[in-house]
Amino acid sequence: MLDGFKMNKVSDERHLAYFDVFPLASGQINISKIYPRTIVAWHRHQEQIDQWFVLNGMLKIGLKYPDKPAEFKLLGPGESITIEFNVWHGYMALTETDLIYWCSSKYNPKKPDEEREMIGKFGEQWEGFFK
């Protein structure tokens, strides 16, 4: 018989998300259904590496490397990205998007490896088209 296991579920105006869906896995695997026009930015980690995979939909990914201006990329179905530690990052959902993402370490609410900044901090433009 297979036993189920408990996942953390969050549902709000931004997304429906399941966190740590395979708790025995190294790091943490999360799944999010992100609603259109949602912007989640900016944050970075000092130790954690993220890997994102878009199952369906389209994300505009923002990346801000040290000593460089913010840059943007489109991430669509079947595409992935690795985000190294100390890189500010975030996204805007251009359509409803299903994102599977792996974090190299499990989230620790007592000592989160996360630093946040406000949208617009780096003079970026989330709206509009790519040049």
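Residues are numbered from 1 along each chain as its sequence is written, and side-chain values use heavy atoms, with hydrogens and water left out. Because the model is predicted, local features need pLDDT of at least 70 and side-chain atom pairs count only at pLDDT 80 or more, while totals for chains, interfaces and linings use all residues.

## The sheet around E6

Strands (E, at least two residues) and helices (H or I, at least four) are DSSP runs, numbered from the N terminus. Two strands pair if DSSP finds at least two bridges between them. Strand E6 covers residues 59–64, and six bridges join E6 to E9, the two running antiparallel. On E6 there is also an antiparallel pairing with strand E7 (residues 71–75), over five bridges. Within that pairing, Lys60 has Leu74 of E7 as its bridge partner. The hairpin of E6 and E7 has six residues between the strands, and there Asp67 takes a positive phi near 60°.

Is E6 mostly covered or mostly open? Six of its six residues are buried, where buried means under 20% relative accessible area, exposed over 50%, and partly exposed in between (1.4 Å probe, protein chains only). Leu59, Ile61 and Leu63 point one way from E6, while Lys60, Gly62 and Lys64 point the other way.

E4 and E11 are joined by two bridges and run antiparallel, with Arg116 in E11 as the bridge partner of His43.

| Strands | Sense and bridges | Facing residues |
|---|---|---|
| E5 and E10 | antiparallel, six bridges | Trp52 and Tyr101 |

## Two buried residues

Tyr91 sits in strand E9 (residues 88–93). Tyr91 is buried, with a relative accessible area of 9%. What does Tyr91 touch, leaving aside its neighbours within four places in sequence? Its contacts (heavy atoms within 4.5 Å) are His15, Ile34, Thr38, Ile39, Val40, Trp52, Leu59, Lys60, Ile61 and Trp126. Tyr91 and Trp126 are 35 residues apart in sequence, yet 8.6 Å apart in space, C-alpha to C-alpha.

Gln28 lies in strand E3 (residues 28–34). Gln28 is buried too, with a relative accessible area of 8%. The side chain of Gln28 reaches the backbone nitrogen of Tyr107 at 3.0 Å. Leaving aside neighbours within four places in sequence, the residues in contact with Gln28 include Phe19, Asp20, Tyr101 and Trp102.

## The largest pocket

Rolling a probe the size of a water molecule over the atoms shows where empty space is left. On a 1 Å grid over the protein atoms alone, a pocket is an open set of points where a 1.4 Å probe fits, with protein on both sides within 12 Å along at least five of seven lines, and lining residues have an atom within 4 Å of a point. How much space lies in the largest pocket? About 790 Å³, a volume being the space filled by probe spheres set on the grid points, which are joined across faces, edges and corners. Of the 29 residues that line this pocket, the closest to its centre are Phe19, His45, Gln48, Tyr107 and Glu114. The lining divides into eight nonpolar, 12 polar and nine charged residues. Here Ala, Val, Leu, Ile, Met, Phe, Trp, Tyr, Cys and Pro count as nonpolar, Asp, Glu, Lys and Arg as charged, and the others, Gly among them, as polar.

Most residues other than glycine have a negative phi, and most peptide bonds are trans. The peptide bond from Ala41 to Trp42 is cis, with omega near -15°, and Trp42 lies in strand E4. Asp20, in the loop between E2 and E3, has a positive phi of about 55° although it is not a glycine. Asn86, in the loop between E8 and E9, has a positive phi near 70°. Asp20 is buried, with a relative accessible area of 16%, whereas Asn86 is partly exposed at 24%.

Key
A polar contact is a pair of N or O atoms within 3.5 Å; within protein, one must be able to donate a hydrogen and the other to accept it, and residues adjacent in sequence count only if both atoms are side-chain atoms.
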